[in-house]
Amino acid sequence: MLQAAHGQACLGVETHMANFRILALDGGGSWALIQVMALIDLYSPQTTGRQVLADFDLAAANSGGSIVLGGLLEDMTLGDLLGFFLSLKKRQSVFAPKLFHLPYTPKYLTVKKLLGLQAALPRRGAWLLADAAAEVRSATTGRPIHLLITGFDYDRNRSRFFRSAAAGGPGWGNGDPAQVQLAEAIHASTNAPVLFFDKPAQFHSEPTRRYWDGAIAGCNNPILAAVTEAVVLGHAPESLAALALGTGTVCLPSASAGASASPLVATPEESGILHDIQKLAGAILDDPPDVATFIAHVLAGGSAGAPAPAGSRIVRMNPMVAPMGSAARGWTFPEGLDVRTFATLAHLAMDAVAQDQVLAIQNLATLWLQDKVRNQPIRMNVDLDPELGQARYSQAKAAWNALRV
């Protein structure tokens, strides 16, 4: 297990022997099972959530990733946490469907989502974030993990960071800790609007405030927020080591002029009010998370001082629904995905609830862990080849193992 490789830093004493380690968990609804499968590969199905979190000094999460973080704080085994995402009944406790809904209207009941989250976190869901963090101590410093869950304040039109402890100082201003329960912070962070949940999230600890998903604030991939938070907490950029776990992304190359239609390439779409509303709701899950990883790479000092084979202080692990090959050689389906399964994944929404949809996501994650589909790098060219970061999961795993010590 990874935690066995820790250095012998003295508890409670600043040291340069070990990096300040960050875990960032993207949003993505049921697709967050990909993160759990990656953690199982890095650790084991029997590893508990607190054992995983002890390998980190800061954990940041949005939406589906915040559910994963909640399960880790609940101290579920990784196997049990994966079971939560694979269970139709448990998925429907969070994505509780409305009896009737029209196309382009919300599908799920916000109020029932909070009840489902509370039921999923019976031991620590009602704890304040500070209390949940206090139970998890970094294996290198002995200090409580710093938690950061992202949301969007519906009435103030601003991002909201739910912190377990203050983050501020001279020149930085004040970032106050949140006096909300763990399940409440997750409820705010998971409240995807417009096409998904029927009203903003509200809860007992802050009865007059309402929230949408943190993706609305550009934090669906919270790595940039996490790196910024670490610097504000007083850690030098060159001391950071960040693992950014995604929930899958669709990336299709542009079709060549005059080329015939193919599920392997992106073709122009007709614009219109209903289509554009749907496209706008989905856009918050795509490019903002991509650019966040690159900006975090720059903020953490770029490639300077990063050990081989990492090449960056940020390691991105995220499967891509994308073709293999290149424009010059021709695009082909990844091994294990045919035209039907590829097209299904390319058009599958983040709120995949049906069992066949979730099994398709699980299959994608399995192929990714076997290096049969692309890993999303930090930056790539038009042929989807990495300019920064790793093209395959095994390369990203080796990069993280080199960086995290």
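In which loop is the place of Val194? Val194 is found in the loop between helix 8 (182-189) and strand 5 (201-203). This report describes that residue together with several other local features of a predicted model.

## Confidence of the model

The average pLDDT of the protein is 91, and 93% of the residues score at least 70. Residues 1-17 are a region where pLDDT stays under 50, although the model has 30 contacts beyond four places in sequence for them. Where pLDDT is low, the predicted coordinates should not be read in detail.

## Backbone features in loops

Most residues other than glycine have a negative phi, and most peptide bonds are trans.

Val194 has a phi near 70°, which is a positive value in a residue other than glycine. Its relative accessibility is 38%, so Val194 counts as partly exposed.

A positive phi is also found at Asp371, where the value is near 65°. Asp371 belongs to the loop between helix 13 (355-369) and strand 13 (379-380). With a relative accessibility of 25%, Asp371 counts as partly exposed.

The bond from Ala308 to Pro309 is cis, and its omega is near 5°. Pro309 is located in the loop between helix 11 (287-299) and strand 9 (314-317).

## An aromatic cluster

A search of the whole structure finds 11 aromatic pairs. Two of the pairs are set out below.

| Pair | Distance between ring centres | Angle between planes | Arrangement |
|---|---|---|---|
| Phe95 and Tyr108 | 5.1 Å | 70° | edge-to-face |
| Phe95 and Phe197 | 5.7 Å | 25° | stacked |

Why is the pair of Phe95 and Tyr108 called edge-to-face? The planes of Phe95 and Tyr108 stand at 70°, and an angle over 60 degrees counts as edge-to-face. The planes of Phe95 and Phe197 are at 25°, and planes under 30 degrees apart count as stacked.

Phe95 and Tyr108 both lie in the loop between helix 5 (88-94) and helix 6 (110-120), 13 residues apart. The pair of Phe95 and Phe197 links distant parts of the chain, since these residues are 102 residues apart. Phe197 is in the loop between helix 8 and strand 5, and Val194 also has its place in that loop.

Phe95, Tyr108 and Phe197 form one aromatic cluster. Are its members buried or exposed? Phe95 and Tyr108 are both buried. The relative accessible area of Phe95 is 8%, and Phe197 is buried with a value of 4%.

## Charges over rings

Lys113 lies over the face of Phe197, 4.9 Å from the ring centre. Phe197 therefore has Phe95 as a stacked partner and Lys113 over its face. A further charge over a ring involves Arg124, whose charged end sits over the ring of Trp127 at 5.3 Å from its centre.

## A buried residue in a strand

Thr150 has its place in strand 3 (residues 146-153). Thr150 is buried, with a relative accessible area of 0%. Which residues is Thr150 in contact with, leaving aside its neighbours within four places in sequence? The contacts of Thr150 are Ala61, Asn62, Arg160, Phe161, Ser189, Gly214, Cys219 and Pro222.

Terms used
Residues numbered from 1 in each chain as written. Predicted model: local features only at pLDDT ≥ 70, side-chain atom pairs only at ≥ 80, totals over all residues. Heavy atoms only, no water. Helix = DSSP H or I, 4+ residues; strand = E, 2+ residues; numbered from the N terminus. Buried < 20%, exposed > 50% of the residue type's maximum accessible area, 1.4 Å probe, protein only. Contact = heavy atoms within 4.5 Å. Phe/Tyr/Trp six-rings, centres within 6.5 Å; stacked < 30°, edge-to-face > 60°. Lys NZ or Arg CZ within 6 Å of the ring centre and 35° of its normal. pLDDT = per-residue confidence, 0-100.
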